[in-house]
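Me: I have a model open here. Could you take me through its strands and helices?

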Amino acid sequence: MKESVVKDHYIHNILPRNRVTDELHIGARVATEYLLAAMDLRPGMTVLDVGSGLGAAARLAATLYDINVTGLDLVPEFCEEARRNTQDERVSFICGSALAMDFSDESFAAAFMLHVNMNIQEKQKLFNEIARVLHKNSQFAFYEILAGTRAGEMVYPCPWAGRAEDSFLIAPDDLENILADAGFVIEKKENRRDFGLAAMERRQADYPEQPFVNLLENVRENRCAPWQYVCRKR
Ligand SMILES: C[S@@+](CC[C@H](N)C(=O)[O-])C[C@H]1O[C@@H](n2cnc3c(N)ncnc32)[C@H](O)[C@@H]1O
């Protein structure tokens, strides 16, 4: 999807609603805590949050693990909102594309990403770029929506895209080839479908809008599913 389409989508469809909740992924804080707990984060580490949105995960990671977190996001309005809501010197937000990061090689000791890849068609470029900015042997963990066995039947709009042509779901096997080519070894992977379904069902009344209704149904029908991976850069 063109980056201008992504920006437009989030500014007009998500930002007005999500100033209230500020975690733009299934399962909100519980899912973030689970992802971070799977990583080996130690105080003082310099960590990248790829596609940081409104900044909740970056703030939580800094608070829980006493690490320095840089959030990178494409949407300037998200970065501004994230900065406004952050009073932690360990956390900063930079506006830019994950496909061409303005960071030197090997500048981070770890990275995480939550619900971003669906917006990005150039997957190999994305994962190569993440690998580039990581130290050797460092961890990259993500909690992402991937294609399910019935991906062809996906119903839109979804929270990340208004139309099918703006959504780029990849199957786990294909993603794993891309990760390997980018130089990552998978340490752990987990289908988080059951967790995601339960989380969405619990909060169903708070999310009556069509994109959220469709997402729940898409996960129920195995058209897509949230997965968590922990990888290490070779
Ligand atoms: C569904 S939101 C998730 C935000 C955040 N990770 C969270 O879980 O709360 C997807 C985010 O990815 C960002 N994004 C999409 N494409 C991007 C790109 N090429 N570079 C950087 N950020 C991107 C969007 O701007 C948006 O903030």
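Reply: Strand β1 (residues 46-50) and strand β4 (residues 108-114) pair in the parallel sense over four bridges. Strands here are DSSP runs (E, at least two residues), as helices are (H or I, at least four), numbered from the N terminus, and two strands pair if DSSP finds at least two bridges between them. This is a predicted model, in which local features need pLDDT of at least 70 and side-chain atom pairs count only at pLDDT 80 or more, while totals for chains, interfaces and linings use all residues. Residues are numbered from 1 along each chain as its sequence is written.

Me: What stands opposite aspartate 49 in β4?

Reply: Phenylalanine 112 does.

Me: And in what order do the seven strands of the open sheet run?

Reply: The order is β3-β2-β1-β4-β5-β7-β6, with mixed pairing. At the edges are β3 (91-95) and β6 (184-191), each pairing on one side only.

Me: Which strands does α3 touch?

Reply: Helix α3 packs on the sheet against β1, β2, β3 and β4, where contact means C-beta atoms, placed from the backbone, within 7 Å. Its direction makes about 170° with that of β2; angles run from 0 to 180 degrees between N-to-C directions, and axes are lines fitted to C-alpha atoms, for helices over the stretch in contact.

Me: Switching to helix pairs, how far apart are the axes of α7 and α8?

Reply: The axes of α7 (residues 193-202) and α8 (residues 210-220) are 10 Å apart, and the helices pack at about 145°. Arg193, Gly196, Leu197 and Met200 of α7 meet Leu215, Leu216, Val219 and Arg220 of α8.

Key
Two residues are in contact if their C-beta atoms, placed from the backbone, lie within 7 Å.
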